[in-house]
Amino acid sequence: MTDTTQHTGPDDSAAQSAAETETPETTERAAEQAAEQAPEQAPDPAAAEMADVLESIETTEAPAAEQAPDEAPATEETPAVEETPAEAPAAAETPAVEEAPAEQAPDEAPAAEETPAVEEKPADAPAAPSPAAMAVPKPSAIPTPAALAHTTPHPVAPVAPAVPETDHSASAAFGRVDENGTVFVRTPEGEREVGSYPGASDADALTYFARKYDELFASAVLLEQRLALPEVPSKDVADGLKTLAAQVKDAAVVGDLDALAAKLDEIQSGIASKRTVEQQHRAEARAAATAEREAIVAEAEAIAGQPENKIQWKTSGARMRELLDEWKAHQRSATRLDRETESSLWTRFSAARNGFDKARRTHFAGLDAAHGEAKAAKERLVAEAERLATSTDWAATAGAFKRLMDEWRRAGRASRTDDDRLWSRFKAAQDAFFAAKDEVVAAEEEEFKGNLVVKEALLVEAEAILPVTDLEKAKAQLRTVQDKWDAAGKVPRADMDRVEKAMRRVEQTVRDAEDRKWKSSNPEVAARARAMVDQLERAVADLQDDLTKAEASGSASKVKKAREALEARQVWLDQARAGVAEFGG
């Protein structure tokens with residue numbers, strides 16, 4: 001029987017002609033050509049899983065199409081091509097069995113000879129959906145299971161021919177075959193013609209188109225499973241759904257088309273929900289990335305905003321370079337920011353870096369100038385120190401070196417190299433002078449040890465003058481000791497303070513005795529003391545008269561007041577009389 005109804009799917013329209021009748025063999029060749037023209041795609045774990053499922057479906061359902069009406073299974077000796085009716089052109093000349101090995105990997109066994117399921121598909125059957133095409137849609141034809149086996153990254157073992165057949169009766173229940181062999185599918189809108197399967201029984205024809213429906217439904221289930229995987233983006237699932245929906249539209253299949261449409265709607269709703277979640281995650285990731293980038297910019301601005309006199313240029317410069325590396329790494333690996341935000345942050349970051357670099361250049365330019373001035377000043381100090389290094393005017397030159405050291409500290413710092421070199425010269429000159437001075441001082445110290453013995457003996461003689469009993473004699477003895485003391489010379493520096501202080505104590509004691517004697521013999525002071533005594537004696541006599549009058553009046557308060565005044569004046573009078581006694585009055 002010849003099928004006069006042509007059915008073309010979205011993937012086999014280029015392989016079919018609107019005027020010719022197609023057979024399963026021509027359908028197979030069209031699918032192979034479409035697979036050869038389709039661009040190769042990178043292996044996908046989900047696509048590999050889908051390929052395995054589709055291959056198992058293909059190999060499982062093959063015996064149903066190969067069986068004769070009496071359900072005798074086909075074997076290698078009785079291929080399905082031989083059972084194809086005469087109306088199928090070129091079936092005997094070009095059996096699909098011979099073309100199957102071209103689709104296999106070099107190391108694969110020719111599974112097509114054992115399970116020639118594809119050989120019996122009629123011309124109007126669209127190719128089964130490819131997992132790779134569902135994952136990444138391409139404008140070319142969707143590869144068939146045979147083409148998918150060709151792109152499998154690992155060799156696939158031959159499938160045993162004794163695989164039990166999958167039951168497609170549930171899907172086949174939605175179709176019927178009329179007396180002309182035309183297959184129809186029942187829909188809520190009514191029946192729709194699907195196609196025909198020449199040379200096959202009504203049950204086989206329905207099973208064939210039901211199997212195609214089950215393959216589409218299985219692809220939808222796999223796509224739904226991919227939708228549930230967090231690592232699969234919604235865009236990939238949406239692209240796969242778009243490809244599958246194109247295959248489902250006007251597909252020549254028999255089955256519950258409403259259930260398939262509902263499944264696609266569920267996937268579409270799931271994609272919308274997943275896209276919402278992805279958008280939320282992207283917004284959160286973008287906010288986190290913005291905060292991280294903001295932290296980089298804020299730290300750069302903090303470094304650039306430091307007072308110049310507090311900046312640690314080496315440490316801060318190294319940190320600025322690290323922040324730039326962090327920015328670049330963030331651009332490469334972190335979530336991308338929107339153009340406006342990234343531009344704004346980069347403007348701030350760049351301004352901070354440029355400001356820091358400008359301040360650093362200005363600082364080091366001024367530092368170079370200051371180093372130059374310090375170098376010139378220290379070169380002058382070094383020249384003067386080297387001139388004084390050979391001086392023997394020890395005291396004056398030692399003072400000059402102290403002055404030069406003060407000027408060296410005020411001159412500031414030159415560059416490290418110049419500073420170290422000039423300081424070495426300055427210190428060498430200073431050390432040369434003080435080494436020579438120390439040699440002379442050491443020789444003098446030995447000489448001064450003899451002077452110390454003399455002065456210690458004179459110190460014993462001076463202390464023997466004390467206490468002073470005869471002032472004139474004490475003064476004469478002290479003058480003699482002082483003359484000998486001055487003639488003795490210097491003593492060692494370590495003993496100088498001790499012996500000098502001991503001599504000063506003796507001299508001060510004699511001086512104090514002389515002062516007391518002068519005060520006691522001063523006529524003017526004696527006259528003032530005598531006048532004070534006379535005045536207090538008159539005051540005491542008057543107070544005695546007041547006390548007598550108070551007692552006569554019988555007033556206790558007046559008596560008390562007069563007695564207190566008399567006692568106070570009497571104390572003063574006694575003290576004044578003692579002073580007059582010192583002057584011998």
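These are my notebook entries on a few local features I looked up in this structure.

**Before starting.** I'm working with a predicted model, so to speak a calculated one.

**Entry 1, aromatic pairs.** I began with the rings and found 15 aromatic pairs in the structure. I picked out one of them, Trp408 with Trp423, where the ring centres sit 5.4 Å apart. The planes make an angle of 55°, and I noted the pair as tilted. Where in the chain do Trp408 and Trp423 lie? I placed Trp408 in helix 14, residues 394–410, and Trp423 in helix 15, residues 416–463. The two residues are 15 apart, and their pair links distant parts of the chain.

Next I asked myself: is Trp408 buried or exposed? Trp408 is buried, as its relative accessible area comes to 8%. Trp423 has 31% relative accessibility, so I wrote it down as partly exposed.

I then looked for rings joined through several pairs. Which residues do ring pairs link into a cluster? I listed Trp394, Phe401, Phe433 and Phe434.

I looked up charges sitting over ring faces and noted two cases. Arg176 lies over the face of Phe184, with 4.7 Å to the ring centre. Arg293 lies over the face of Trp327, and here I noted 4.5 Å to the ring centre.

Helix 10 runs over residues 234–248, and I noted its length as 15 residues. From the first C-alpha to the last, helix 10 reaches 20 Å, close to the expected 21 Å. That expectation uses 1.5 Å a residue. I also went through the buried residues of helix 10, among them Ser234, Val237, Asp239 and Gly240. Further along, the buried list for helix 10 includes Leu241, Thr243 and Leu244, and also Gln247 and Val248.

What is the phi of Asp250? I found a positive value of about 55°, although Asp250 is not a glycine.

My last stop was the peptide bond that joins Leu466 and Pro467, which is cis. I wrote down an omega of about -10° for this bond. Where is Pro467 found? Pro467 sits in the loop between helix 15 and helix 16, the latter covering residues 471–488.

Key. Residues numbered from 1 in each chain as written. Predicted model: local features only at pLDDT ≥ 70, side-chain atom pairs only at ≥ 80, totals over all residues. Heavy atoms only, no water. Phe/Tyr/Trp six-rings, centres within 6.5 Å; stacked < 30°, edge-to-face > 60°. Helix = DSSP H or I, 4+ residues; strand = E, 2+ residues; numbered from the N terminus. Buried < 20%, exposed > 50% of the residue type's maximum accessible area, 1.4 Å probe, protein only. Lys NZ or Arg CZ within 6 Å of the ring centre and 35° of its normal. Expected span 1.5 Å × (residues − 1).
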